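Please look at the sequence and the model below, and follow the chain from one end to the other before reading on.

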Amino acid sequence: MNPNFLRVAWWAWAGEVAVAGFNYFVLMKRVYEPRVGELRAHQIGMATRIVCIFGAAAFLVAFEPDHSALDLVYAGVLWLSLALVFEWGGSLLMRRPVHEILVGWHVNRGYMWPFVLATYLVAPVVMGFLNGL
């Protein structure tokens with residue numbers, strides 16, 4: 001395990017979360033939602049976030065080239081864990097009801113949050129292999 005790679009992975013995730021905050025609070029809520037409704041705004045925003053996650057993974061692989069395939073897996077697990085802690089911890093600290101948190105998990109209704117979580121897990125590995133590991 002390469003601790004420096006995981007440190008850079010943490011910073012790449014933190015940068016992506018900052019972009020995701022802008023995506024959610026400004027673009028989704030103030031630009032997309034008034035024009036296309038809540039569900040379509042969610043879909044646009046989550047698709048955008050997936051692209052940003054792959055961008056963060058590309059940055060990670062390019063910025064810290066000294067890594068193994070296992071380091072990429074660790075980075076994906078780290079990102080997924082951080083995203084879940086951030087989502088659940090932050091939401092519960094803000095006293096957001098669980099039923100509101102779970103809305104985005106309903107893929108059968110068109111929501112895409114599970115795809116975002118899956119992207120956190122696989123993006124470092126995918127970008128590592130596309131970059132020749």
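From the N terminus on, the elements of this predicted chain run α-α-α-α-α, and its secondary structure comes to five helices and zero strands, where helices (H or I, at least four residues) and strands (E, at least two) are DSSP runs numbered from the N terminus. The radius of gyration, taken over C-alpha atoms, is 15 Å, close to the 14 Å that the globule rule (2.2 Å times the number of residues to the power 0.38) gives for 133 residues, so the chain is as compact as a globular protein of that length. Buried residues, meaning those under 20% relative accessible area with a 1.4 Å probe and protein chains only, make up 36% of the 133 residues.

This is a predicted model, in which local features need pLDDT of at least 70 and side-chain atom pairs count only at pLDDT 80 or more, while totals for chains, interfaces and linings use all residues. Residues are numbered from 1 along each chain as its sequence is written, and side-chain values use heavy atoms, with hydrogens and water left out.

Turning to one pair of helices, helix 1 (residues 3–36) and helix 3 (residues 69–93) pack at an angle of about 40 degrees, with their axes, which are lines fitted to C-alpha atoms over the stretch in contact, 10 Å apart. The contact (heavy atoms within 4.5 Å) is made by residues including F5, W10 and W13 of helix 1 and Y74, W79 and F86 of helix 3. The residues of this contact divide into 15 nonpolar, no polar and one charged, with Ala, Val, Leu, Ile, Met, Phe, Trp, Tyr, Cys and Pro counted as nonpolar, Asp, Glu, Lys and Arg as charged, and the others, Gly among them, as polar.

Note on methods
Axes are lines fitted to C-alpha atoms, for helices over the stretch in contact, and angles run from 0 to 180 degrees between N-to-C directions. Buried means under 20% relative accessible area, exposed over 50%, partly exposed in between (1.4 Å probe, protein chains only).
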